[in-house]
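This briefing is for a reader meeting the structure for the first time. Please look at the sequence and the model below before reading on.

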Amino acid sequence: MQNIFLQQLVILVDAIPGENQNESKTHLLECIATILQKGRLNKAIGMKTTLLVAVKLIYDPETGTMRPNLSEEYKLAALKVISLATRRIQSELIEEVYVKDNLKLITQAIFVCINIVSTERYRKLRFQAVDSILSVLQVHDDFDFNDIVVRCQVAELLFIALPRIIATFVIIINGDEKQGTAVYRIAIKALGRTLSLIFEDYSKQETNEEFNNEQFRKLTQSICAANNQTVNVLGLGLREEHEKSKYFNETLRTREWLLEAEKQVEKALHKILHLRGHEEELIRLEFAKMNCELLRNCT
């Protein structure tokens, strides 16, 4: 029954004509969110269709821009659907959906959330946008963090979005204190969980593993090669559409990519060291949790 009602509502909200039907679409999106909260999606087509419609309602894929003249309530409802459509799903479905063929749709959902965080001032909207990123990345509170197979699959697919995600979270953390403690805290949590997802060693090799001379030589050569890398490993500053497409489709989460990304992450973390002495205890606590998570999973 859930799938039947959900399918009909998704079709209906997508079919309402005109861009100014904010109120009607908002109510329908809220109905979709309510249904998603009551159960879990078990079909890939249902999850992808719901996510696609929610993204398309606030983002124009043809122009690559956000749709204008949308109310805050409308955008908030769409973000909730994005969050729930990627959160309230069975683990088997994550393995089926988080594949290269769906990379464009999933990253569009992330970039929609990033855009809202970067441009909106409404606290609830900013908070929900970060929460939606946590859901899309599968690092939300309901996820089974012991499921290494799924975490590795998500990391191998979505590492490509790391630079923009990290930059966005750092901007929030260093932003105006008027945005509220809740937004600060979820941004800190999201930063830690995102870094942990991407940089965790899923091979779980022993850190005290002994290297023979040949292995050590290859390791040092790969590190030196990465240090001398002149190629734009992280795809920073790409503007041409074909360059972006090539980067997204061909780049892999290799040792070289991780080493280069590590340098940028180090710079980003230096910008938030002031959180150690923040006057709010809850923010200091969240920062401490973030560091503990990184030490536990990424060293």
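Cys 292 is partly exposed, with 46% relative accessible area. Cys 31 is also partly exposed, at 39%, and the structure holds 0 disulfides. The model is a predicted one, and its chain is made up of 299 residues.

**Overall make-up**

- The chain has 14 helices and 2 strands.
- Buried residues account for 46% of the 299 residues.
- Among contacts with a separation of 6 or more, 76% are between residues 24 or more positions apart.
- The chain exposes about 16200 Å², and 51% of that area is supplied by carbon and sulfur atoms.

**Confidence of the prediction**

- The average pLDDT of the chain is 85, and 84% of the residues score at least 70.
- Helix α7, residues 123-136, has the highest mean pLDDT among the elements of the chain, at 96.
- Helix α11, residues 213-227, has the lowest, at 60.
- Where pLDDT is low, the predicted coordinates should not be read in detail.

**Nonpolar core**

- The largest nonpolar core contains 95 residues.
- Tyr 98, Leu 158 and Ile 198 touch the most other members of this core.
- Leaving aside neighbours within four places in sequence, Ile 198 is in contact with Ala 155, Leu 158, Phe 159 and Leu 162, and also with Arg 253, Trp 257 and Leu 258.

**Salt bridge between Asp 141 and Arg 193**

- The structure holds 9 salt bridges, one of which joins Asp 141 and Arg 193, with the closest N and O atoms 2.8 Å apart.
- Asp 141 lies in the loop between α7 and α8 and Arg 193 in helix α10, so this pair ties together parts that are 52 residues apart in sequence.
- Helix α10, which holds Arg 193, spans residues 181-199.
- Arg 193 counts as buried because its relative accessible area is 15%, and buried means under 20%.
- Leaving aside neighbours within four places in sequence, Arg 193 is in contact with Leu 134, Val 139, His 140, Asp 141, Phe 145 and Glu 293.

**Salt bridge between Arg 253 and Glu 156**

- Arg 253 forms a salt bridge with Glu 156, and the closest N and O atoms are 3.1 Å apart.
- Arg 253 lies in the loop between α12 (241-250) and α13 (255-270), while Glu 156 lies in helix α8, so the pair ties together parts that are 97 residues apart in sequence.
- Arg 253 is buried, at 13% relative accessible area, whereas Glu 156 is partly exposed, at 36%.

- Lys 263 forms a salt bridge with Glu 260, with the closest N and O atoms 3.4 Å apart.
- Both residues lie in helix α13, where Lys 263 and Glu 260 are 3 residues apart, about one turn of the helix.
- Lys 263 is partly exposed, at 30% relative accessibility, and Glu 260 is buried, with a relative accessible area of 17%.
- Salt bridges that share partners also join Arg 87, Asp 131 and Asp 142 into one network.
- In general, side chains of opposite charge can pair when their charged atoms come close.

How values were computed
Residues numbered from 1 in each chain as written. Predicted model: local features only at pLDDT ≥ 70, side-chain atom pairs only at ≥ 80, totals over all residues. Heavy atoms only, no water. Core = buried A, V, L, I, M, F, W, Y, C linked by side-chain atoms within 4.5 Å. Buried < 20%, exposed > 50% of the residue type's maximum accessible area, 1.4 Å probe, protein only. Contact = heavy atoms within 4.5 Å. Helix = DSSP H or I, 4+ residues; strand = E, 2+ residues; numbered from the N terminus. pLDDT = per-residue confidence, 0-100. Salt bridge = Lys/Arg side-chain N within 4 Å of Asp/Glu carboxyl O. Disulfide = S-S within 2.5 Å. Areas by Shrake-Rupley, 256 points an atom, 1.4 Å probe, with all protein chains shown as cover.
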